[in-house]
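Me: Could you take me through the strand pairing in this model, one question at a time?

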Amino acid sequence: QVQLVESGGGLVQAGGSLRLSCAASGSIFSINTMAWYRQAPGKQRELVATITSGGSTNYADSVKGRFTISRDNSKNTVYLQMNSLKPEDTAVYYCNVDVTLYSASRYHYWGQGTQVTVSS
(Lines give C-alpha, C1' and ligand atoms only; values in the text may rest on other atoms or scores of the structure.)
Protein backbone atom coordinates (compact mmCIF):
# COMPACT_ATOMS: atom_id res chain seq x y z
CA GLN A 1 0.00 0.00 0.00
CA VAL A 2 2.93 2.32 0.67
CA GLN A 3 6.36 2.16 -0.89
CA LEU A 4 9.46 3.95 0.34
CA VAL A 5 12.39 4.47 -2.00
CA GLU A 6 15.69 5.62 -0.56
CA SER A 7 18.61 7.10 -2.45
CA GLY A 8 21.81 9.04 -1.90
CA GLY A 9 24.11 6.67 -0.07
CA GLY A 10 27.66 5.98 -1.12
CA LEU A 11 31.33 6.13 -0.25
CA VAL A 12 32.80 9.40 1.01
CA GLN A 13 35.97 10.46 2.76
CA ALA A 14 35.93 11.65 6.34
CA GLY A 15 34.86 15.28 6.49
CA GLY A 16 32.73 14.94 3.39
CA SER A 17 28.98 15.23 2.89
CA LEU A 18 26.11 13.14 1.61
CA ARG A 19 22.39 13.77 1.24
CA LEU A 20 19.92 10.94 1.65
CA SER A 21 16.39 11.00 0.29
CA CYS A 22 13.37 8.84 1.03
CA ALA A 23 10.24 9.20 -1.09
CA ALA A 24 6.92 7.69 -0.06
CA SER A 25 4.17 6.74 -2.49
CA GLY A 26 0.90 4.84 -2.40
CA SER A 27 -2.45 5.18 -0.66
CA ILE A 28 -1.28 7.99 1.60
CA PHE A 29 -3.77 10.26 3.30
CA SER A 30 -1.23 11.97 5.50
CA ILE A 31 2.30 11.48 6.77
CA ASN A 32 3.02 12.04 10.42
CA THR A 33 6.53 11.72 11.84
CA MET A 34 9.36 10.84 9.47
CA ALA A 35 12.66 9.50 10.75
CA TRP A 36 16.07 8.17 9.85
CA TYR A 37 17.69 5.22 11.59
CA ARG A 38 21.02 3.53 11.01
CA GLN A 39 22.55 0.16 11.70
CA ALA A 40 26.25 -0.50 11.73
CA PRO A 41 27.65 -4.04 11.42
CA GLY A 42 27.25 -5.95 14.67
CA LYS A 43 25.24 -3.17 16.29
CA GLN A 44 21.58 -2.51 16.96
CA ARG A 45 19.58 -0.16 14.80
CA GLU A 46 19.63 3.32 16.30
CA LEU A 47 17.55 6.44 15.82
CA VAL A 48 19.40 9.24 14.05
CA ALA A 49 16.82 11.99 13.57
CA THR A 50 13.09 12.66 13.48
CA ILE A 51 10.87 15.36 12.03
CA THR A 52 7.20 15.82 12.84
CA SER A 53 4.48 16.90 10.45
CA GLY A 54 4.83 20.37 11.94
CA GLY A 55 8.56 20.48 11.26
CA SER A 56 9.90 19.91 14.77
CA THR A 57 13.17 18.01 14.71
CA ASN A 58 15.16 15.87 17.10
CA TYR A 59 18.63 14.38 16.75
CA ALA A 60 20.82 11.77 18.34
CA ASP A 61 23.62 13.39 20.32
CA SER A 62 26.20 11.77 18.03
CA VAL A 63 24.98 13.69 14.97
CA LYS A 64 23.84 17.01 16.43
CA GLY A 65 25.36 19.93 14.61
CA ARG A 66 26.43 17.75 11.66
CA PHE A 67 23.20 16.23 10.29
CA THR A 68 20.02 18.02 9.26
CA ILE A 69 16.68 16.33 8.68
CA SER A 70 14.07 18.02 6.51
CA ARG A 71 10.93 17.12 4.59
CA ASP A 72 9.01 18.20 1.52
CA ASN A 73 5.37 17.46 2.20
CA SER A 74 4.38 18.17 -1.41
CA LYS A 75 6.65 15.29 -2.47
CA ASN A 76 6.13 13.01 0.55
CA THR A 77 9.89 13.00 0.89
CA VAL A 78 12.27 13.19 3.83
CA TYR A 79 15.92 14.15 3.53
CA LEU A 80 19.01 13.73 5.67
CA GLN A 81 21.86 16.13 4.97
CA MET A 82 25.01 14.69 6.49
CA ASN A 83 28.05 16.95 6.84
CA SER A 84 31.43 16.48 8.49
CA LEU A 85 31.04 12.74 8.16
CA LYS A 86 33.13 10.48 10.37
CA PRO A 87 34.11 6.82 9.92
CA GLU A 88 31.81 5.95 12.82
CA ASP A 89 28.87 7.19 10.72
CA THR A 90 29.37 4.17 8.47
CA ALA A 91 26.13 2.17 8.48
CA VAL A 92 23.06 1.22 6.53
CA TYR A 93 20.61 4.09 6.82
CA TYR A 94 16.86 3.43 6.88
CA CYS A 95 13.96 5.83 6.67
CA ASN A 96 10.86 5.19 8.72
CA VAL A 97 7.57 6.89 7.99
CA ASP A 98 4.38 7.03 10.07
CA VAL A 99 1.56 7.02 7.54
CA THR A 100 -2.21 7.39 7.79
CA LEU A 101 -3.85 5.65 4.85
CA TYR A 102 -7.09 6.62 3.13
CA SER A 103 -8.64 3.70 4.98
CA ALA A 104 -7.81 5.56 8.21
CA SER A 105 -5.40 2.81 9.23
CA ARG A 106 -2.04 3.97 10.48
CA TYR A 107 1.24 2.15 9.98
CA HIS A 108 4.98 2.61 10.17
CA TYR A 109 6.86 1.75 7.00
CA TRP A 110 10.57 1.14 6.47
CA GLY A 111 12.73 1.97 3.49
CA GLN A 112 14.99 -0.63 1.93
CA GLY A 113 18.14 0.90 3.39
CA THR A 114 21.05 2.67 1.77
CA GLN A 115 24.71 2.08 2.57
CA VAL A 116 26.83 4.97 3.77
CA THR A 117 30.56 4.29 4.05
CA VAL A 118 32.96 6.89 5.39
CA SER A 119 36.65 6.22 4.84
CA SER A 120 39.34 7.64 7.11
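Me: Which residue of β8 does Ser21 stand opposite?
Reply: In this predicted model, strand β3, residues 18-26, and strand β8, residues 77-82, run antiparallel and are joined by 6 bridges. Within β8, the residue that stands opposite Ser21 is Tyr79.

Me: What is the order of the strands in the open sheet of 4 strands, and which of them stand at the edges?
Reply: The pairing in this open sheet is antiparallel, and the order is β1-β3-β8-β7. Because β1 (2-7) and β7 (67-72) each have a single partner strand, one side of each is left without a neighbour in the sheet. From one strand to the next the twist averages 15°. The strands at the edges are therefore β1 and β7.

Me: Is strand β9 largely enclosed or left open by the rest of the structure, and how many of its residues are buried?
Reply: Taking buried to mean under 20% relative accessible area, one can go through strand β9, which spans residues 91-101. The strand is largely enclosed by the rest of the structure, because the buried residues number 10 of the 11.

Me: How many bridges join β9 to strand β4?
Reply: Strand β4 covers residues 28-39 and runs antiparallel to β9, with Ala35 standing opposite Asn96 of β9. The number of bridges that join β4 to β9 is 9.

Me: Which residue takes a positive phi in the hairpin of β9 and β10?
Reply: Strand β10, residues 106-110, pairs with β9 in the antiparallel sense over 5 bridges, and Arg106 in β10 has Thr100 opposite. Between the two strands of the hairpin there are 4 residues, and the one with a positive phi, near 80°, is Ala104.

How values were computed
Residues numbered from 1 in each chain as written. Predicted model: local features only at pLDDT ≥ 70, side-chain atom pairs only at ≥ 80, totals over all residues. Heavy atoms only, no water. Buried < 20%, exposed > 50% of the residue type's maximum accessible area, 1.4 Å probe, protein only. Pairing = 2+ DSSP bridges. Axes fitted to C-alpha atoms, helices over the stretch in contact; angles between N-to-C directions.
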